[in-house]
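Here is a short briefing to read alongside the model. It takes the sheet to begin with, then the helices on it, then the ligand and its surroundings.

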Amino acid sequence: MSRRALITGPTAGIGNAYARELAKRGYDLTLVARDTAKMEAIATQLRSKHRIDVDVITADLTTVEGVANTVNAVTDTTKRVDLLINNAGASLAGWFGTTDIADEDRQLDLLVRAPMHLMDAAIKTMAGRGGGQIINVSSVAAFTPRGVYSAHKAWLLNISEWANVHYADVNISVMALCPGFVRTEFHQRGDMDVSGVPKWMWLKADKLVKTSLKDLEKGKSVSIPTIRYKVLSVLARYLPKGLVTRAAKRGR
Ligand SMILES: NC(=O)c1ccc[n+]([C@@H]2O[C@H](COP(=O)([O-])OP(=O)(O)OC[C@H]3O[C@@H](n4cnc5c(N)ncnc54)[C@H](OP(=O)(O)O)[C@@H]3O)[C@@H](O)[C@H]2O)c1
């Protein structure tokens with residue numbers, strides 16, 4: 001029987017790399033984002049190249065309606081979702097305390113509320129039918145206090161680590177993917193100046209996705225691609241918090 005993955009944010013970057021890699025592996029796909037035309041173009045290409053079924057859901061995941069429509073797809077028994085990938089994300093320009101609080105609400109909805117609702121729906125559905133897999137795209141920023149974005153990603157990391165253990169007995173794997181800098185549209189869309197980020201810190205989305213799928217099969221609750229970011233995350237976790245916070249002060 002074919003397997004299906006539901007991916008949020010497949011129109012660019014990491015989500016797009018997941019869509020292409022999973023299509024290659026024979027997964028049927030449900031794609032969720034705001035840009036319908038882009039999703040239709042991706043769907044047409046993947047259907048003809050890999051002979052898979054691809055559904056497209058136009059949804060703004062900062063809205064109640066967008067999340068509810070996506071939850072319906074997660075719980076749809078006629079198109080069973082075996083792998084949920086909570087990937088859609090964006091960064092807000094400016095420091096918390098200087099930004100518009102309405103924008104911060106939307107950021108919270110996109111990075112925390114939407115994945116929470118989709119994970120809830122997936123766990124309830126998967127638990128009743130023998131299991132499933134969830135990847136929550138967090139960030140290495142989750143290991144350091146760096147403002148609102150890292151706080152949201154820390155929430156996603158924390159819940160994933162817990163859920164992977166808690167739901168193991170009903171065969172549900174939950175893994176947080178914690179990448180460092182990845183070349184995608186993310187920084188440009190968020191109006192971030194990344195010109196000072198050294199070359200060695202950049203990761204490629206395709207490679208990162210392959211590593212994360214290997215880690216998921218191993219049952220890991222956290223996937224940190226590359227040795228260099230593994231080392232940095234260990235330092236961030238175990239060095240004194242004050243020191244780490246000061247070192248990460250410039251990030252958001
Ligand atoms: N790039 C990095 O360095 C990096 C590092 C660590 C973690 N991450 C995380 O990785 C994930 C993917 O980021 P990326 O780098 O691949 O970014 P990206 O290239 O900018 O892609 C973001 C994706 O999210 C979708 N999206 C954004 N806002 C949305 C909304 N309101 N509703 C529905 N979909 C929405 C976009 O689709 P539409 O515009 O079509 O809606 C797009 O497909 C994010 O969660 C990000 O926080 C990125």
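In this predicted model, seven strands form an open sheet with parallel pairing, in the order β3-β2-β1-β4-β5-β6-β9. The edge positions belong to β3 (54-58) and β9 (222-223); each has a single partner strand, so one side of each is left without a neighbour in the sheet.

- Strand β6 (residues 172-177) runs parallel to β9, and two bridges join them.
- Within that pairing, A176 has V222 of β9 as its bridge partner.

**Helices on the sheet**
- Helix α1 packs on the sheet and touches β1 (4-8), β2 (28-33), β4 (83-86), β5 (132-137) and β6.
- The direction of α1 makes about 165° with that of β1.
- Helix α5 lies across β5, β6 and β9, and runs at about 150° to β6.

- Which side chains place a polar atom by a ligand oxygen? Y149 is one of them, with a polar side-chain atom 2.5 Å from an oxygen atom of the ligand.
- For R34, an N or O atom of the side chain is 2.7 Å from an oxygen atom of the ligand.
- K153 also has a polar side-chain atom by a ligand oxygen, at 2.9 Å.
- How much of the ligand does the protein bury? Taken alone, the ligand exposes 890 Å², and the protein buries 97% of that.

**The shell around the ligand**
- Two or more residues of the shell come from each of α1 (13-24), α5 (148-166), β7 (181-182) and α6 (186-189).
- Of these elements, α6 gives the most to the shell, with three residues.
- There are 31 residues around the ligand, and those that come nearest are T11, R34, Y149, T184 and R189.
- Sorted by class, the shell has 14 nonpolar, eleven polar and six charged residues.

Note on methods:
Residues numbered from 1 in each chain as written. Predicted model: local features only at pLDDT ≥ 70, side-chain atom pairs only at ≥ 80, totals over all residues. Heavy atoms only, no water. Near = heavy atom within 4 Å. Polar contact = N/O pair within 3.5 Å; in protein donor to acceptor, adjacent residues only side chain to side chain. Areas by Shrake-Rupley, 256 points an atom, 1.4 Å probe, with all protein chains shown as cover. Helix = DSSP H or I, 4+ residues; strand = E, 2+ residues; numbered from the N terminus. Nonpolar A, V, L, I, M, F, W, Y, C, P; charged D, E, K, R; others polar. Pairing = 2+ DSSP bridges. Contact = heavy atoms within 4.5 Å. Axes fitted to C-alpha atoms, helices over the stretch in contact; angles between N-to-C directions.
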